[in-house]
Amino acid sequence: MTKRQFLLLLALLVLSSGIVTGGQDPFPRLQGPYLGQKPPGMTPVPFAPGIITTDADEGSSGFALKGTAFLFQKFLQGRCHTYITRLTGGIWTAPELIPFWESMDDNGDFAFSSDDKTLLYQVKTNKDGLLLSDVWKVEILADGWGGRTPLPAPVNTSEDNESYASDTARGDIYFFSNRRGGKGRFDLYICPSKDGTPGDAVNLETLNTEFNEWDPFIAPDGRYLLFCSTKPGGLGGDDIYIAFRGADGQWGPPRNMGAAVNSAGSENRPYVTRDGKYFFFTSTRNGNRDTFWVRAEYLDRFKR
């Protein structure tokens with residue numbers, strides 16, 4: 001048995017043993033939108049406790065194809081495993097490893113594109129002896145996956161790290177990178193769409209600091225940007241902030257999303273579901289990194 005076959009068998013055994021499903025074996029019968037979970041109110045709560053939110057650390061997650069597919073990540077034995085469950089015949093299927101999970105096992109942060117079907121995800125690549133991250137894309141199909149390809153330059157570079165891309169409906173791509181010339185170790189960037197292709201990368205100088213900014217999630221219409229920062233004045237290691245675009249097209253001052261979202265721990269991987277109903281993020285406030293959700297109207301309280 002090869003090493004790859006052994007690791008795949010191990011991951012399948014972990015899944016079947018109930019670690020992913022919080023000790024429940026087999027996977028519970030889940031019906032209805034959002035894995036059949038009771039919708040949250042205006043206070044963030046763990047998503048699908050005992051099923052998605054478990055004793056294992058979670059990573060990125062996201063719904064696609066009009067809410068009929070859900071991807072989520074578990075960190076098991078130091079490796080990131082990415083799973084998919086689909087709403088089929090009114091029932092959510094038992095989670096399965098996506099076929100290219102090993103290309104994401106170092107971290108593999110992802111977000112779904114505004115088209116509701118394209119996965120934008122991080123891949124670590126060996127470039128001249130350096131292990132660097134690029135953003136790749138793949139279309140999720142009703143019964144499988146399309147071809148996988150890296151995003152072109154100037155999103156990806158040959159000597160820097162790029163990750164956590166999201167886009168607007170018009171094709172502007174937001175991401176974070178440690179490329180040369182930035183203000184901090186990691187900065188937020190945008191590649192504005194030019195005739196359907198990414199234009200030159202622009203540093204979001206008014207939002208970046210000398211510290212770390214990462215995990216940008218742009219609203220499909222571009223009216224707000226969620227992101228994380230380690231700058232002083234927050235509640236913990238990295239906090240989630242929101243900035244709204246003004247009538248002049250410029251970003252207003254970023255606002256910390258407060259103690260209901262942020263904590264003395266670490267909060268990151270923010271996104272809003274494509275139907276605009278729920279805001280998701282991860283937090284270590286309870287020890288493990290867990291997945292939380294809240295009604296998206298929560299964001300409106302930060303408008304000026």
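## Salt bridges in this model

A salt bridge is a side-chain nitrogen of Lys or Arg within 4 Å of a carboxyl oxygen of Asp or Glu. Across the whole structure, a search finds 14 salt bridges. Side chains of opposite charge can pair when their charged atoms come close.

This is a predicted model, in which local features need pLDDT of at least 70 and side-chain atom pairs count only at pLDDT 80 or more, while totals for chains, interfaces and linings use all residues. Residues are numbered from 1 along each chain as its sequence is written, and side-chain values use heavy atoms, leaving out hydrogens and water.

## A buried pair

Let's begin with Lys127 and Asp134, whose side chains meet in a salt bridge at 2.7 Å, N to O. Lys127 is buried, at 16% relative accessible area, and Asp134 is buried at 7%. Here, buried means under 20% relative accessible area, exposed means over 50%, and partly exposed lies in between (1.4 Å probe, protein chains only).

## A link between strands

Arg285 and Glu267 also form a salt bridge, at 3.8 Å from N to O. This pair links distant parts of the chain, 18 residues apart: Arg285 sits in strand 23 (residues 278-286) and Glu267 in strand 22 (residues 267-272). Strands are DSSP runs (E, at least two residues), numbered from the N terminus. Arg285 is partly exposed at 28%, whereas Glu267 is buried at 0%.

In the salt bridge between Lys303 and Asp300, the closest N and O atoms are 3.7 Å apart. Lys303 is partly exposed at 42% relative accessibility, and Asp300 is partly exposed at 35%.

Methods
Helix = DSSP H or I, 4+ residues; strand = E, 2+ residues; numbered from the N terminus.
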